[in-house]
Amino acid sequence: MLHLIEELEHFISDNYKKSWVTVLFNQGLLHGLVQQSKEILEQHKRPLPTDEFLQHFKQTEFYQKNQAELGDKVILNFLELAVDIEKNVFGSWGMAYWKEITPKDVGDKAYLVLRHHGKPEHYSVITEMINKNKFDNRTAYKETVHNELIKDARFILIGRGIYALSEWGYTPGVVADVIANVLQASAHPLSRERIIEEVLKKRMVKKNTILVGLSNKKLFKKVNKNLYALA
């Protein structure tokens, strides 16, 4: 029925989604806004929540020159038209080709939900989060997600089935490897309590598991009564 309204016309372009616009629609304003938005997103290199994006956009010279025509609703409507810009399931804007915006596979989806979650989680819970957010019509299964997490360097196993993101500062390896890293980073031998404290920041394991790792005499040696160093 929209084609019967004389004030509206069909807007078709390779760079924009099909839409209806008024005959007075300012295409130049749309092109300028989208270009400015791309520059902001590519400069920050990460998805931006709507409020943060608008904050950066309103600091630009383009916005200052066109402020009278660019209310928040207009800005967001123009963004919705752009083919190269998309909003992810968590409401953040980014370039459409970014995996954080348009995840390609289960690994990308797991990365996105875990990053948004902000803390380590069991792979079964990560699977639930993927399905809850409905990226597409495909259902994620625990076994598939677990297999992806194991082989993807973006994820680090830090406990029984519990994964964290490597970008959070976690490193791969068994508990003994973590102990070795802790001691190597220290300028002097550390007490058993301090070692346990530091390892628990990087692994979700029982204290006894840490003590078993520390008892490996090929890797660690006791100094004085209760201090340990690399062997």
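Let's start with helix H10, which spans residues 207–214 and has Ile-210, Gly-213 and Leu-214 buried. Looking down the axis of H10, those buried residues fall within an arc of 100°, so they line one face of the helix. What does the buried side of H10 pack against? Its partners are helix H8 (175–185), helix H9 (192–200), strand S10 (220–223) and strand S11 (227–230). Turned away from that buried side is a face with the exposed residues Asn-208 and Val-212.

Keep in mind that this is a predicted model. The chain has a mean pLDDT of 89, and 90% of its residues reach 70 or more. Residues 1–6 are a stretch to treat separately: there the pLDDT is below 50, and beyond near neighbours in sequence the stretch has four contacts in the model.

Now for the sheets. Another open sheet of three strands runs in the order S6-S8-S7, and its pairing is antiparallel. Here strand S6 (121–122) and S7 take the edges, each with a single partner strand, so one side of each is left without a neighbour in the sheet. In general, strands of a sheet pair through backbone hydrogen bonds, either parallel or antiparallel.

Here are two of the pairings, followed by a residue pair from each.

| Strand pair | Sense | Bridges |
|---|---|---|
| S3 and S5 (residues 92–95) | antiparallel | two |
| S6 and S8 (residues 162–165) | antiparallel | two |

Leu-48 stands opposite Trp-93 in S5, while Glu-121 has Tyr-163 in S8 as its bridge partner.

Which residues have the most contacts inside the largest nonpolar core? They are Leu-33, Phe-53, Phe-57, Leu-70, Ile-75 and Ile-85, in a core of 24 residues. Helix H1 (27–44), helix H2 (50–57), helix H3 (61–66), helix H4 (72–81) and S5 are the elements giving two or more residues to this core. H1 supplies the largest share, six residues. There's also a second, separate core, with 16 residues including Val-106, Tyr-111, Leu-112 and Phe-135. As a general point, nonpolar side chains tend to be buried together in soluble globular proteins.

Ile-85 is worth a look of its own. Leaving aside neighbours within four places in sequence, its contacts include Val-34, Leu-41, Leu-79, Trp-93 and Met-95. Lys-17 is also in contact with Ile-85. You'll find Lys-17 in strand S2 (residues 16–22). Is Lys-17 buried or partly exposed? It counts as partly exposed, at 29% relative accessibility. Lys-17 and Ile-196 are 179 residues apart in sequence, and their C-alpha atoms are 56 Å apart in space.

Last stop: Asp-152, in the loop between helix H7 (142–151) and strand S7 (155–159).

Definitions and conventions. Residues numbered from 1 in each chain as written. Predicted model: local features only at pLDDT ≥ 70, side-chain atom pairs only at ≥ 80, totals over all residues. Heavy atoms only, no water. Buried < 20%, exposed > 50% of the residue type's maximum accessible area, 1.4 Å probe, protein only. Helix = DSSP H or I, 4+ residues; strand = E, 2+ residues; numbered from the N terminus. Arc of directions from axis to C-beta. Contact = heavy atoms within 4.5 Å. pLDDT = per-residue confidence, 0-100. Pairing = 2+ DSSP bridges. Core = buried A, V, L, I, M, F, W, Y, C linked by side-chain atoms within 4.5 Å.
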